[in-house]
There are 2 protein chains.
Amino acid sequence: MNHDTAIPRRSLHDELVERLQRQIVEGDLAPGEKISEKELCAAYDVSRTPLREALKVLARQGLVVLTPHRGAHVSKITVAQIEEAFPVIGALEALAGELACARATDEEIAKISLLHMKMATAHKIRDRQKYFRLNQQIHDALAVAARNPSLNRMREMLDGRVRRARYFANISTTRWDQAMKEHDQILAALKARDGERLAAILKQHLAHKLETLRGVIEDKNAGAGAV
Amino acid sequence: MNHDTAIPRRSLHDELVERLQRQIVEGDLAPGEKISEKELCAAYDVSRTPLREALKVLARQGLVVLTPHRGAHVSKITVAQIEEAFPVIGALEALAGELACARATDEEIAKISLLHMKMATAHKIRDRQKYFRLNQQIHDALAVAARNPSLNRMREMLDGRVRRARYFANISTTRWDQAMKEHDQILAALKARDGERLAAILKQHLAHKLETLRGVIEDKNAGAGAV
DNA sequence: GTATTCAATTTTGCATTCAAAATTCAATGT
DNA sequence: ACATTGAATTTTGAATGCAAAATTGAATAC
């Protein structure tokens, strides 16, 4: 009798987690910024209870820092954190790639192929925002094709933390071209279903992304005070 | 003036997260079991607010399942979940091993060495509980020596989810002997600071752990009803 | 005897309230 | 002028209150 259409119902706190996440990742809530419960409650027109529940979750994810009796701050992006996170994401994406090669359907590979082509276009016309989003979508699609929700969840958690930095960072043209080339390789390995190779490329790719980010990070924490 | 002794203050919700986590991992709260807010509030003598905050966090970690308007259940240990989690833990531990080889202090290696010897003793006298705990401590110490809190956090998250299963599973003697041998290799690679080798061993080690667990899992979900 | 309905009860999600802690800021002393 | 005190205000952490949703269970129909 189950037509596998469970009616999706969302709680306020869940919705808030998602929205705050986006606000933080996109820098709408700046690193180091104090989070005023009152203000946010007013903005979203909710009471403090669900908001605070959401903050606890975000704190666990590392997007905000909770100090007892002193409230919540958007966690800063530190070089150390980024340096930490990237190898981990690299390991996770490498595994995802490996699994995806074994498990992805042909349709999924076709879909990723399409995203790839769109991204190549965005690259060609130098549309950074579009490129960024498609890039994200490709990595997400790979993770989905890996058929491992736990893996995906871990990746998303870490990714949320560094996506901010990547969102801010203005990638250089040469590095951008290199990244695009790496993506060509990624797609090739996936199409060939060569898991080992894809894993290696992804690990490298992430290492390069980290390299790109080094240096541009400190500036983004300016004027926020210690947390 | 800072003697780097920040007074540690904990909020109720934080304390609750930790306690519930332990209760779930150790099976005190059984897989599939309904979590009665009322009951737990009475047990810990707190109001529903901090308890609910804690439940949201645990839900995000995957230890409990929250169904809107229908409350919280301890998440079940399914074969699928275990199969999912182990490769991920494997990838994370492999990375941790790699990093630990590069970064561990000699003291840390000595400490792990000591834990290893204690564990060997526990193995010799067939003290399962002691072995289990020391095994846990060794893997934790490795993670700490990797100097990567993010990595550690991810690992702990996943580990909490499968530790339950491992806690319940009654390892066979032959597999136990094999695991002990693998740990000998782990220690050897660490002492030699051979990151690549350690990574490979750990990945294998986790794969074997998974193998051990297959089959003993379904029984543990008995009598809990669908969630 | 089994299935169906619907009112009573319980439980959940969220809002509100309250006490304790932290912050602000004006008053005071040096 | 600058630092220090401490009362007023704000903010936080947690308890309680309340309406909506879900569960229970007794009454009824078949």
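In this predicted model, strands β1 (residues 34-35) and β3 (residues 71-74) of chain A pair up in the antiparallel sense, with two bridges between them. Within that pairing, A:Lys34 sits opposite A:His73 in β3(A). Strand β3(A) also runs antiparallel to β2 (residues 64-67) of chain A, this time through four bridges. Here A:His73 turns up again, with A:Val65 standing opposite. Strands β2(A) and β3(A) form a hairpin with three residues between the strands, and A:His69 takes a positive phi near 65° in that hairpin.

Next comes the DNA. The top contributor is α3(B), with three residues. Sorted by class, this surface near DNA strand D holds eight polar, six charged and four nonpolar residues.

As for how chain A is divided up, its domain assignment gives domain 1 at 12-74 and domain 2 at 79-224. Taken over C-alpha atoms, the centres of these two domains of chain A lie 27 Å apart. The two do touch: 12 residues of domain 1 are in contact with 10 residues of domain 2 in chain A. Helix α1 (residues 12-25) of chain A supplies the largest share of the domain 1 side, namely three residues. That side of domain 1 of chain A is made up of five nonpolar, five polar and two charged residues.

That leaves the contact between the two protein chains. Chain A puts in 22 residues and chain B puts in 23. On the chain A side, the elements giving two or more residues are α3, α4 (79-103) and α7 (149-168). Helix α4(A) gives the most to this side, with seven residues. By class, the side of chain A that touches chain B counts 12 nonpolar residues, along with six charged and four polar ones.

Conventions:
Residues numbered from 1 in each chain as written. Chains lettered and ligands numbered in written order. Predicted model: local features only at pLDDT ≥ 70, side-chain atom pairs only at ≥ 80, totals over all residues. Pairing = 2+ DSSP bridges. Nonpolar A, V, L, I, M, F, W, Y, C, P; charged D, E, K, R; others polar. Domains from an automatic or database assignment. Contact = placed C-beta atoms within 7 Å.
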